[in-house]
Amino acid sequence: MSATLTLPLLLSLSHPVTLPVPATQTWVSDPAIAEAVVLNGRRLVLRGKREGSAFLAADGEPRKILVLSEANYAAHLRCPSAPLEWTASPPVARGLDPTTSPNLSRCGFDRVGVSVEARENFEKAFSQLENTLVRESLLEAAPEWAASGQRKLLVSSGRRAEIQRRLGERAPFYAIEESTSAQPGRTLVFEVTLFEFSRKRALALGLKWPSSARFRPAGSGLGAWSFDAAASDMIFGADFGESLGIGKVLSRPQIRTKPGEKASFQSGGEIPVKSVSQNFAETKWKSYGLLLTLEPDGKVLTGAREIALSLKIELSEPDPSMAIDGVPGMLVRKLESRFDLRTSETTVLTTLTQSRSSDGRAGLPGLSRVPVLKGLFSSSAESEQDSELWIAVKPRWESGGLL
C-alpha cells in the first residue's frame, strides 16, 4: 500500500505504509510502536510492532502514526467516514447517540474509546446494561475507565465469551479483562467506635455549709459557745457552677462481613425470666444492652469506593419501676437507617440521646428546715445529665480491592 504523507498514518501489524524516501534522516519517536526501514534506497516502509501511537520525523513537520488492531484497520477501510477521531489508538467516538453503537458494530470495529468529555453521557446511556451485569453477578469489580478510553470490565476466568455476547453491538466500547483468581477478596471490615458524650450542669445557690461541724463551750460563762469549722469549709454568698463531661469510649469492635450479608455486635447482659404453668416451669433469658447490626448492600462490587449500608441500633436497659413479678421492664430505644459511606473515611453519627435530672439540698440540720431561714442556712443544687451515643464507622476492603 502506498500513501502520501498525511496525518495520521494508519497501519497495522500486517499492513505497513510505504512512503518516498525523505531527503533528511528519518526517525520514529517510539520504536516499540513502529519502525521505519529504507528499502533499496528508494522506499521508506513503516511497519507496526504493536497497537498504539507515535510520531514520524522526516521532511517537514512530525507526523502522527497510529498502529491499529487488524479488525479496526479493516473496519476503517470499510467505513472511512465512521464518526471517530483518529487521534489515538484505539480511535475515539466523537459522540454517543442511538445510532453510534450499531453503526460501529456493523463496520467491524472491535475497539473504540470514549472521549473524556463524553464519558458522563456514556455512563448514563449504558447504566442499564452495566446494572444488569451487576445484578446477575457477572462482574467482579465496578466498571472503570481504562487508559485506552474504553470501559473496563473485570470478569471471572472463562466468562469473556459470555460477557462479549451480552454486550452485543456495544462491545467495542468495553475492554474485558479476566480475573487471575477465582474470586477476589469480598470481605468488608467496618471499624466501629462507640462512645458516649455527656454534659453535666449543676447550679448551686445560697450558703454552702461544711459536711460536719462541732459546737463547744467558750470560756466559763454559761451560754457561750464556739463554732468549730474551718473558714474555707463554708462559703457565703452565691456559687454558680457548671461542669462539662467528656466522651467515654464504650467499645471499638471490628465487624467483618460481605456485601449482602448481615453482621451484628452485642454488648450487655441478660435477665432471667421465669415462666411457670401447672405442668412445667421454664426460664428464659432476655437480653439487654447495645445491639448493632450492619448489612452492606448486596450489589456493592469488590473495591467500590462507596458502600450502601443498612444500620440498625437498639439500646435497652432494665426499668425497675415497670417490674412485674419481680422482673423489671425494659427501656428500649431503636434507630434504623440506610445511607452511603466512602471506604477508608470515617463517618460519625450522633444517634440516641438520654436525659436525667436530679435535685439535691444540703444545709444545717434544723435551721435548714425553718421556712424563713432555710435559704440562708442551706444550699440547693439542680443537676442535669445529658448523654448521647455517638458511633464512628470506617469501612474498608480487607483484600481484593481493585479500584
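The stops below follow strands and their pairing partners. Please keep in mind throughout that the model is predicted.

**Stop 1: strand 7.** Select residues 63-68, which make up strand 7. This strand is mostly covered, since five of its six residues are buried.

**Stop 2: the antiparallel partner.** Now select residues 52-57, which are strand 6. In which sense do strand 6 and strand 7 pair, parallel or antiparallel? The pairing is antiparallel and extends over five bridges. Here S53 is found opposite L66 of strand 7. In general, the strands of a sheet pair through backbone hydrogen bonds, in either a parallel or an antiparallel manner.

**Stop 3: the hairpin.** Follow the chain from strand 6 to strand 7, where five residues lie between the strands of this hairpin. Select G60 in the hairpin; G60 adopts a positive phi near 90°.

Stop 4: Move on to the three strands that form an open sheet in the order 8-9-10, with mixed pairing. Strand 8 (84-85) and strand 10 (113-114) are the edge strands, and each of them pairs on one side only. Next, select strand 9 (residues 92-93), which pairs with strand 8 in the antiparallel sense over two bridges. Finally, display L84 together with A93 in strand 9, as these two residues stand opposite each other.

Notes: Residues numbered from 1 in each chain as written. Predicted model: local features only at pLDDT ≥ 70, side-chain atom pairs only at ≥ 80, totals over all residues. Heavy atoms only, no water. Buried < 20%, exposed > 50% of the residue type's maximum accessible area, 1.4 Å probe, protein only. Helix = DSSP H or I, 4+ residues; strand = E, 2+ residues; numbered from the N terminus. Pairing = 2+ DSSP bridges.
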